[in-house]
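Here is my note on the model, in numbered points. Please keep the structure open beside you while you read.

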Amino acid sequence: MPSVASLGGGGVCLVHDPKTQRPEMLDYIAPEPKSGVPGGDRPTAGPASVRGMAALHRRFGRLRWSDTVIHAETLARGGFVVSKETAADLARAARPLFVDQGARRVFSMADGSPVIEGELIRQVELGATLGQIRARGAGAFYSGPLANRLVEGIRQAGGTITKQDLRSYLPRWRPALTVRYGENDLHVAGPPVLSGAVIAQMWQMLLTDQRYEKAPAEERPHLLAEVARRAFSDRETWIGINGDRQTQSTRLLSSEHARQLMTSYDADRATPPGAPQTGGALISENPSGTGFVVVDGLGLAVACTTTLYNPFGTGRLVPGVGIFMAQAPGVGSRNPYSLSPAMVTDREGKIFRFAAAGVAGQAVPSVIVGVAARTLLEKQPAKEAVTGPRLHPLPGSDSVIVEAAESPPRVETLVRRGHAILRQPSLGRINVIHCSTGIPIPSLSKVNCRPVADNRGSGTGLELLIELE
């Protein structure tokens, strides 16, 4: 998906390693450059993905670096088949994107129209770039001849990155935020991501005093909308100007704080806008990106979300390098606030159970928590939970967004309680893995794990049996 995933972008990962029994967050968010190039008309974020993936590989990889990169290099050189999602993104962006000669050369048909689903795309310059990264390591992207070519190509494309920006960038390992429930833990990303704490607070409100499990089925859509409103409202009490204020997670994610937030909850009536703990500002958040989840037979799990802050980033293919750069963060929805994946393990940190990653802009917490509640609390099959209905309340209002295919009875339960209904075709895209038996277990033949790609997109879920030497 070149519209959202690129060597010029960045993101966030959650990692669960049963050996360390300590979930961690990898922050490889594409940063604003510290020393911009004057006069550039395409403000550019620092490329973080290469060092981010190298950090994951250095700590957890089993294969050689070159053996992992070669597959991407082969796809770039030999070509890959255009997916439905990529074709749709190209069709939407073709007019401004094809102003750039490089993008037009790679992503258009002979008649100048954007390539369509099923066509083959070859990215020769990207293949050469990946070849350098494969042979010389991730550092080749940030210093030396390839880095010089990258900086010069960004300048030609109107971007704003210097050699010093490249050399100085490093990803960061941070502790994950955790909510304990029963014999399990929910883990999310912390600041500078904001959606993680919102996911965790929503989860805590649903679990405290078994509120979700005790609620009748017809109340649950209303309950999900109300806990989301309260979590977004509470976010205004701890968010910093740039989303980087310490969240004091011990207090914010506690059951005591959840009870306090829910004191005004009425099972039969929507809380009026502006009432205590239901306000919250409507902060614009980045809806552009993609997510993936991977778990192996030993229980090592990774859930990542990646973005360019805008479809196709700056909209210019860097000449000589063949990548799209992320737009510089800080304007409008160009921020990392909504990048949190979520993961569930047992309390001891030995067994993986569930993970979700994807994009939905501000609605990410509502989407992930809704799917997790149906999968883990209602015990629905993961596929049924992912394909099921979604909703998201607009902070500071009495409106709830529901999907166009939402069933009339569920809508009626919301209307009857005083929620105003807004409809849109779909709400977010997330990919999920649920292991009802947990991983690892003594016998791989008994594993019950299901990868589920969101039916609202065109992703893929695969189960593979691979013997490692």
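1. Start with the largest cavity. Helix 13 gives the most to its lining, with four residues. A cavity is a set of points, on a 1 Å grid over the protein atoms alone, where a 1.4 Å probe fits but cannot get out; lining residues have an atom within 4 Å of a point. Helices (H or I, at least four residues) and strands (E, at least two) are DSSP runs, numbered from the N terminus.

2. A word on the source. This is a predicted model: local features need pLDDT of at least 70, side-chain atom pairs count only at pLDDT 80 or more, and totals for chains, interfaces and linings use all residues. Residues are numbered from 1 along each chain as its sequence is written, and side-chain values use heavy atoms, with hydrogens and water left out.

3. Back to the largest cavity. It holds about 80 Å³ of space. A volume here is the space filled by probe spheres set on the points, with grid points joined across faces, edges and corners. The lining has 14 residues; Leu 224, Ser 366, Gly 370, Arg 390 and Leu 391 lie nearest the centre. Helix 10, helix 13 (364–377) and strand 12 each give two or more residues to this lining.

4. What classes of residue line the largest cavity? Eight are nonpolar, three polar and three charged. Ala, Val, Leu, Ile, Met, Phe, Trp, Tyr, Cys and Pro count as nonpolar; Asp, Glu, Lys and Arg are charged; the others, Gly among them, are polar.

5. How many cavities of 30 Å³ or more are there? The count is two. The second largest cavity has about 30 Å³ of space. Its lining includes Arg 42, Thr 44, Ile 154 and Met 325. By class, that lining has four nonpolar, three polar and two charged residues.

6. Three strands form an open sheet in the order 12-13-14, with mixed pairing. Strand 12 (391–393) and strand 14 (420–424) are the edge strands, and each pairs on one side only. From one strand to the next, the twist averages 25 degrees. Two strands pair if DSSP finds at least two bridges between them. Strand 13 (residues 399–403) and strand 14 run parallel, joined by five bridges. Ile 401 has Leu 422 of strand 14 as its bridge partner.

7. Which helices meet this sheet? Helix 15 (residues 408–416) packs on it, touching strands 12, 13 and 14, and its direction makes about 145 degrees with that of strand 14. Helix 10 (residues 220–238) lies across strand 12 and strand 13, at about 40 degrees to strand 12. Contact means heavy atoms within 4.5 Å. Axes are lines fitted to C-alpha atoms, for helices over the stretch in contact; angles run from 0 to 180 degrees between N-to-C directions.

8. Look next at the second largest pocket. A pocket is an open set with protein on both sides within 12 Å along at least five of seven lines. The volume of this one is about 1000 Å³. It is lined by 34 residues, and Asp 27, Ile 29, Pro 31, Glu 32 and Pro 192 are the closest to its centre. Strand 5 gives the largest share of the lining, three residues. The lining divides into 17 nonpolar, nine polar and eight charged residues.

9. Last, Pro 191. It sits in the loop between strand 7 (184–188) and helix 8 (195–207). Why is Pro 191 called partly exposed? Because its relative accessibility is 21%. Buried means under 20% relative accessible area, exposed over 50%, and partly exposed in between (1.4 Å probe, protein chains only).
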